[in-house]
Amino acid sequence: MSEQHRLAFNTHGRGSTEITADIAALVAQSALPCGLAHVFVRHTSCGLAITENADASVRRDLETLLQRWAPDGDPAYRHDLEGDDDMAAHARSLLTGCSLSVPFADGRLLLGTWQGIYLFEHRSHGHRREIVVTLNG
Amino acid sequence: MSEQHRLAFNTHGRGSTEITADIAALVAQSALPCGLAHVFVRHTSCGLAITENADASVRRDLETLLQRWAPDGDPAYRHDLEGDDDMAAHARSLLTGCSLSVPFADGRLLLGTWQGIYLFEHRSHGHRREIVVTLNG
Amino acid sequence: MSEQHRLAFNTHGRGSTEITADIAALVAQSALPCGLAHVFVRHTSCGLAITENADASVRRDLETLLQRWAPDGDPAYRHDLEGDDDMAAHARSLLTGCSLSVPFADGRLLLGTWQGIYLFEHRSHGHRREIVVTLNG
C-alpha cells in the first residue's frame with residue numbers, strides 16, 4: 001500500500017533547510033504500520049541529504065566542500081545559461097541526489113539520534129521547491 | 001504489491017543514455033494506482049542519475065567533472081586489471097549510485113519538467129547493461 | 001506489505017565490511033514473493049555502497065579517493081569537535097549515502113555477479129553501527 005503527499009518549500013539561496021518534522025508529521029498521520037518514507041524533489045538544481053542535526057557547522061562545511069567539488073563558474077563548463085551557479089547546481093545535485101528514503105514503524109521515522117533530513121538549495125537565489133513524499137508499507 | 005521487469009541497454013562507451021521513456025512505459029502499463037518506480041543496474045562500472053533533460057551540455061559538463069573527480073589511470077590506483085578506465089569506472093559508480101527511485105501516480109512518473117532518467121556508462125567501451133525495474137505500490 | 005529487521009555491526013575503523021550475506025539471509029527467510037530490500041544506517045559518519053566484490057584493491061582505491069575528496073583535518077573545516085576525521089566522516093557519508101535498496105525475487109537478491117553490499121566506516125576508530133532492513137513487496 002502506498003500513500004502520496006505533496007509539499008513545497010521556499011528556499012533562500014545556497015544552504016540547507018531541515019524538513020525532518022514535515023516528513024515525520026506525514027508518517028505520524030499514516031495508518032501504515034511500518035515501511036519506507038521516500039522523499040523526492042522535482043528539480044535538478046537542489047537536492048536532499050541526511051546529515052548531522054546537532055552542530056550547524058557540519059552543514060556549513062558541506063557547503064565548503066560542495067563549492068570545491070563543483071566550483072561556480074568553472075571555465076570548463078559549457079552550460080552557463082543562467083549564470084555561474086547554474087552548472088554547479090546540477091553537479092551538486094548529482095552528488096547529493098534528489099531523493100532519499102527512511103524506514104518508519106509505529107508512526108515514527110527510524111532515524112538515528114543525530115540524523116536530520118535536509119533540503120539543499122544548490123542555486124544562489126531562492127526557489128520554490130516541490131517535493132513528493134511516498135509512504136510505502 | 002510489487003511488479004518486476006527486466007530491461008537491457010547497449011551502451012557505446014562513456015556518456016549517458018536517456019531511459020525515461022522506457023521506465024514511463026512500464027508505469028503506464030501497471031495497474032498499481034500509485035507508488036515508487038525503482039531502477040537498478042546490475043553492474044559496478046555504470047550508474048544511474050536524474051539530471052537536466054533540456055540542454056545536452058549539462059551531461060557533457062558532468063562528464064568533465066566525473067573525469068576530474070575520478071581521473072582515468074590515476075597513479076594512486078592499485079586496481080587496473082582492465083585498463084585506465086577500470087578503477088575510474090568503479091569510483092564514478094560510487095558517486096552516481098547504481099539505483100534510483102521515482103514516485104508515480106495514475107500511470108505517470110511524477111518527474112519535474114526538467115528531470116530525465118539517465119543510464120551513465122562509466123567504461124570507455126560499450127557494454128550490455130542489465131536493469132531491474134521494481135514498481136512498489 | 002513490509003517487514004523490518006534490525007542488525008548491528010562492529011566496525012574496526014576506516015574501511016568496508018561486506019554485509020551481502022546478512023541481507024540475503026533476511027530475504028531468503030521472507031515470504032514476500034518479490035520487491036525491494038532497503039538497507040539504512042542510523043548514523044551520519046558511516047555509509048553504505050554497492051561495489052565490486054572480487055578484487056579488494058577496488059575498495060582500497062575507493063578509500064584513497066574518499067581521502068582525496070574529503071581530506072582529514074582540512075583547514076577549511078569549522079566542525080572538528082571529535083578530531084581530524086570528524087567532518088571528513090560526515091562528508092564521506094554525503095558521498096556514499098546512508099541507505100541503498102536492492103530488488104529481490106523468489107527469496108534472492110537480484111545483484112549482478114560482481115556486486116557486493118558494503119558498510120563503509122568513515123571514522124578512524126571502530127563503532128557499533130545499527131542498521132534497519134526493510135523488505136517491501
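Trainee: How many residues of chain B are in contact with chain A, and how many of chain A with chain B?
Mentor: In this predicted model, 30 residues of chain B are in contact with 25 residues of chain A. Two residues count as being in contact if their C-beta atoms lie within 7 Å. On the side of chain B that touches chain A, H2(B) gives the most, with 7 residues. That side divides into 15 nonpolar, 11 polar and 4 charged residues.

Trainee: How do you know what relation chain B has to chain A?
Mentor: Chain B is superposed on chain A by a rotation of 120 degrees with 0.0 Å of shift along the axis, and the RMSD is 0.0 Å. That is therefore the relation of a three-fold axis. In chain B, the C-alpha nearest this axis belongs to B:Leu95, 3.7 Å from it.

Trainee: What makes chain A as compact as a globular protein of its length?
Mentor: Chain A has 3 helices and 8 strands, following the pattern β-β-α-β-β-α-α-β-β-β-β along the sequence. For its 137 residues the globule rule gives 14 Å, and the radius of gyration is 16 Å, close to that value, so chain A is as compact as a globular protein of that length. Buried residues make up 52% of the chain A residues.

Trainee: Which residues of H2(C) are called buried, and why?
Mentor: A residue is buried if 20 or more other C-beta atoms lie within 10 Å of its own. In H2(C), the residues called buried are C:Val58, C:Arg59, C:Asp61, C:Leu62, C:Leu65, C:Leu66 and C:Trp69.

Trainee: How do you know where on the helix these buried residues lie?
Mentor: Seen down the axis of H2(C), the buried residues fall within an arc of 155 degrees, so they line one face of the helix. They pack against helix H3 (86-96) of chain B, and against elements of chain C including strand S4 (46-52) and helix H3 (84-96).

Trainee: How does the reach of H2 in chain C compare with the expected value?
Mentor: Helix H2 of chain C, residues 57-69, has 13 residues and reaches 18 Å from its first C-alpha to its last. This is close to the 18 Å expected at 1.5 Å a residue.

Notes:
Residues numbered from 1 in each chain as written. Chains lettered and ligands numbered in written order. Predicted model: local features only at pLDDT ≥ 70, side-chain atom pairs only at ≥ 80, totals over all residues. Least-squares fit on C-alpha atoms with pLDDT ≥ 70 in both. Helix = DSSP H or I, 4+ residues; strand = E, 2+ residues; numbered from the N terminus. Expected span 1.5 Å × (residues − 1). Buried ≥ 20, exposed ≤ 12 C-beta atoms within 10 Å, placed from the backbone. Arc of directions from axis to C-beta. Nonpolar A, V, L, I, M, F, W, Y, C, P; charged D, E, K, R; others polar. Rg over C-alpha atoms; globule rule 2.2 N^0.38 Å.
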